[in-house]
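Me: I'm new to this model, and I'd like a close look at one part of it. Could you pick a single spot, explain it in plain terms, and then lead me outward from there?

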Protein chains: 2
Amino acid sequence: MKKFMLALLGITLAGGAAAQMKPEDAIKYRQSAYSAMSWSMGRIKTNVEGTYNKDEVIKAANVIQSLANSGMGALYLPGTDKGKGWEETRVKPEMFTNKELVGKVATDFNREANEMAKVAAAGDAAAAKAQFSKLSETCKSCHDDFKIKK
Amino acid sequence: MKKFMLALLGITLAGGAAAQMKPEDAIKYRQSAYSAMSWSMGRIKTNVEGTYNKDEVIKAANVIQSLANSGMGALYLPGTDKGKGWEETRVKPEMFTNKELVGKVATDFNREANEMAKVAAAGDAAAAKAQFSKLSETCKSCHDDFKIKK
């Protein structure tokens with residue numbers, strides 16, 4: 001019973017911590033994380049299409065990997081389907097309702113992001129180019145499903 | 001001579017890639033990276049001050065570490081001392097002139113961010129709290145030197 005109460009308290013505290021985050025901050029943080037990933041994708045693109053610099057690609061791939069594994073799902077709080085962070089959110093309602101598809105795109109993205117970091121560390125330009133293409137597909141797929149086009 | 005010419009070409013290409021980034025994008029990317037770090041620092045704070053969740057702290061510390069090592073200096077392009085990314089930049093002119101101090105705060109931050117990730121992986125809550133404090137000091141120090149207060 002004590003264990004159950006502690007577990008319950010744990011949930012309450014976690015819930016409390018999440019509740020303390022303002023919706024506009026949650027939206028701002030996720031926009032920021034995606035923007036940092038966009039910067040990093042651009043860096044990898046420049047390298048695989050031009051002069052390949054192993055260190056540049058490692059740095060960029062590590063940023064994407066860390067954000068892919070950061071648990072950004074926590075930033076999709078109830079009440080953040082509309083609202084402004086840095087700008088008005090472009091998330092589609094399906095992000096909050098289609099758990100199955102969200103799970104699929106998240107899993108695909110995480111897998112390819114982890115693989116990108118692995119391939120970057122190995123330093124082969126052709127392999128990095130191929131993996132970058134696979135990773136880009138998972139970005140595009142998620143945008144198609146869950147991001148409102150401008 | 002050929003080697004020299006290729007090296008020169010490399011520099012030109014790198015310069016070209018950097019030149020292709022619009023100043024407003026560079027400002028937006030660095031604001032985004034700092035905001036993702038702010039989210040992550042908040043997560044660690046919640047954990048070291050409340051119920052400690054090892055995985056949460058690892059995820060957050062890895063984001064900070066990857067961004068600390070990402071080479072964000074490249075986002076302080078000439079012409080980005082003023083201008084708007086997500087919002088008007090709050091960088092002080094000293095960021096572009098006091099190379100020595102920039103180097104010092106960057107080195108301090110990187111060292112403590114790498115140590116934070118190491119301590120997080122080990123999973124000791126007290127050690128994480130102590131390291132979080134050290135890391136926070138390097139954030140504050142850089143803000144004092146290079147960020148205009150609101």
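**Starting from one asparagine**

Reply: Happy to! Setting aside neighbours within four places in sequence, A:N114 is in contact with A:Q65 and A:N69, where contact means heavy atoms within 4.5 Å. Before going further, two notes on how to read this: the model is predicted, so local features need pLDDT of at least 70, side-chain atom pairs count only at pLDDT 80 or more, and totals for chains, interfaces and linings use all residues. Residues are numbered from 1 along each chain as its sequence is written, chains are lettered from A and ligands numbered from 1 in the order in which they are written, and side-chain values use heavy atoms, with hydrogens and water left out.

A:N114 sits in helix α5 of chain A. Helices (H or I, at least four residues) and strands (E, at least two) are DSSP runs numbered from the N terminus. A:N114 is partly exposed, at 29% relative accessible area; buried means under 20%, exposed over 50%, and partly exposed in between, using a 1.4 Å probe and protein chains only. The C-alpha atom of A:N114 is separated by 8.1 Å from that of A:A68, although the two residues are 46 apart along the chain.

A salt bridge here is a side-chain nitrogen of Lys or Arg within 4 Å of a carboxyl oxygen of Asp or Glu. The two residues are 3 apart in helix α5 of chain A, about one helical turn. That spacing makes sense, because an α-helix has 3.6 residues a turn and residues three or four places apart point the same way. A:R111 is partly exposed at 43%, whereas A:D108 is buried at 18%. Salt bridges with shared partners join A:K104, A:D108, A:R111 and A:E112 into one network.

Next comes a neighbouring element, helix α6 (residues 125–146) of chain A. Its buried residues pack against several helices of chain A, α5 (99–122) among them; the others are α2 (23–49), α3 (54–68) and α4 (94–97). Those buried residues of α6(A) are A:A128, A:Q131, A:F132, A:L135, A:T138 and A:F146. Viewed down the axis of α6(A), they fall within an arc of 120°, so they line one face of the helix; the arc is that of the directions from the helix axis to the C-beta atoms. The face turned away from this buried side carries the exposed residues A:A126, A:K134 and A:E137. As for length, the 22 residues of α6(A) should span 32 Å at 1.5 Å a residue, and its end C-alpha atoms are 31 Å apart, which agrees. The expected span is 1.5 Å times one less than the number of residues.

Helix α2 has pairings of its own. A:R43 and A:E56 meet through their side chains in a salt bridge of 3.2 Å, N to O. A:R43 lies in helix α2 and A:E56 in helix α3 of chain A, so this pair ties together parts that are 13 residues apart in sequence. A:R43 is buried at 9%, while A:E56 is partly exposed at 28%. A:E56 is also one of the contacts of A:N47, a residue of helix α2 of chain A. A:N47 is buried at 6%, and its side chain reaches the backbone nitrogen of A:N53 at 2.8 Å.

Definitions and conventions
A polar contact is a pair of N or O atoms within 3.5 Å; within protein, one must be able to donate a hydrogen and the other to accept it, and residues adjacent in sequence count only if both atoms are side-chain atoms.
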